[in-house]
Amino acid sequence: MALRLYDSLEARLRKFEPLVPGEVGMYVCGPTVQSSPHIGHLRSALAYDLWRRWLTYRGHRVTFIRNVTDIDDKILAFAAKPGDAAGEQWWALAYRYELEFTTAYTRLGVLPPTYEPRATASIQQMLDLIARLIEKGHAYAAPDGSGDVYFDTKSWPAYGALTRQSLDDMVAAADADPRGKRDPRDFALWKGRKEDEPESASWPSPWGAGRPGWHVECSAMSARYLGSAFDIHGGGLDLRFPHHENELAQSTAAGDDFAKYWVHNGLVTVEGQKMSKSLGNSIYAAEFLAESEPVVVRYYLSSTHYRSTLDYHEGALREAEAAYDRIRTFLERSTRELERAGVAAERADVVPQAFGEALDDDLSTPEAFAVLHETVRAGNALLDEGSLETAADRRAEVLAMVRVLGIDPSDPQWSGGGDTAAEGALRVLVERLLTERQEARATRDFARADLIRNELAEAGIALEDAPGGTHWSIDG
RNA sequence: GGUGGAGUGGCCGAGAGGCGAGGCAGCGGCCUGCAAAGCCGUAUACGCGGGUUCGAAUCCCGUCUCCACCUCCA
């Protein structure tokens, strides 16, 4: 079955066919580094990480670009003003938050992009794009001497194509400052420097010193790294308008083919309420990742389809942990039992067909997880009945799936870099107690056996008696 | 006003004309000295009202409710 994805521009599922067979260029709108990352950022980054991993698994060579917007109104607003020597410089502030994003992404197991361009490093490409637009009559410098340059939306009949809106139906923002615009819906490509903005936040241009508008950044950077035509453009649903609409208008008006497919991920709500910077109800990445193991967070964020709204509610992570533990427990158990029986556990690294079909169908992770859990159940049943060879097949499938999804419990990514000396000492002590308990059980002294089990439980060590011996685990 | 989306069992969450996805929680059973883990079984679920059809959660008409976007947003 062919891989299909939902294209927001055409508003339908489309068969995925890369411009160049075997090669995929993917551009994702990264964060504006003006505040700390929250769950929404994690969810978005994870959605494209999964797309990228799946496209790669299906044999494509993916060039994955995710930008960092490191200059914008709010970054300047939150940073030191000229003359404020003690304040934090805008570039320091932007970089500080960029590091927070990188940390959060890394902890979640989001693979680093092929390249992560910062907006401020592509100013020349933006100026070139703006010049082309002026030349073609789709942009103009404001006549008010502000140094602003605007995109002329009325000059581009296709404006509104991405969100299927007609210019006339758009409600002009009540607080919109018309400045030097011909039409309130025109948007800034270049913003002339204002008195209270630091000089370090402006670049020379034919229209005066200033800085780029937000939308032009992505048009310039995607073309710079992926070419004027590339395969997939992704970003949060909230970016569809105006950001992506404007990107599309700019790039196509300048003569670029731009993205072949547009992909948008759903947003995260908290207890049914929209989460946003302005409402201040955000759950930040750092606290969220501290609430549970990062791999469980990843499982949780992956388990809803990427285009659906993900409503976070109290207890959701606990449920995710219980579900994920089924998978983790099966992998540990099967590894242990196959090893003990001397059955070779290694098998080809191939996912079940149904799993592949699920992900081929617009990255249907919910269905993929269903296949994963069904395979776990089948594997457990086979272990129960002693069919170890077929159980080993199921185990290999589970491993393959879990690897594609980036939630392999045995991946060093998730192990907290434990203290091996302490672990060794603990093992000696626990095993001594287990031997003692085994002796008690052999003489049917169950009171003593249970006492040992309870004491270990109090220390956070759980026991499982299996035919081949007793297995212990920490916090199990 | 315009554009798009959603209402599914106690909870989460898929599916999109006919075999009740999957997970969490619950209940019953098997296994176990007892547990744990695991397995098996267990639900007359599709906002409401009509209609089409042999058959509708799925299609059509109407209706209610909720959400998002319409120049800060992942």
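Guide: Here is a walk around RNA strand B. This is a predicted model, where local features need pLDDT of at least 70 and side-chain atom pairs count only at pLDDT 80 or more, while totals for chains, interfaces and linings use all residues. Residues are numbered from 1 along each chain as its sequence is written, chains are lettered from A and ligands numbered from 1 in the order in which they are written, and side-chain values use heavy atoms, with hydrogens and water left out.

Let's start with the neighbours. Around RNA strand B there are 59 residues, and Arg185, Trp214, Asp238, Leu239 and Lys274 come nearest; "near" asks for a heavy atom within 4 Å. By class, this surface has 21 charged, 20 polar and 18 nonpolar residues. Here Ala, Val, Leu, Ile, Met, Phe, Trp, Tyr, Cys and Pro count as nonpolar, Asp, Glu, Lys and Arg as charged, and the others, Gly among them, as polar.

Now turn to the RNA side. Of its atoms within 4 Å of the protein, 61% belong to sugar or phosphate, and the rest to bases. A sugar or linking oxygen of RNA strand B lies 2.8 Å from a polar side-chain atom of serine 44. For threonine 163, a polar backbone atom is 2.9 Å from such an oxygen, and for histidine 373 a polar side-chain atom is 3.4 Å from one.

Several elements give two or more residues to this surface, including α1 (39-57), β9 (229-236) and α11 (365-385). Helices (H or I, at least four residues) and strands (E, at least two) are DSSP runs, numbered from the N terminus. α11 gives the most, with nine residues.

How values were computed: A polar contact is a pair of N or O atoms within 3.5 Å; within protein, one must be able to donate a hydrogen and the other to accept it, and residues adjacent in sequence count only if both atoms are side-chain atoms.
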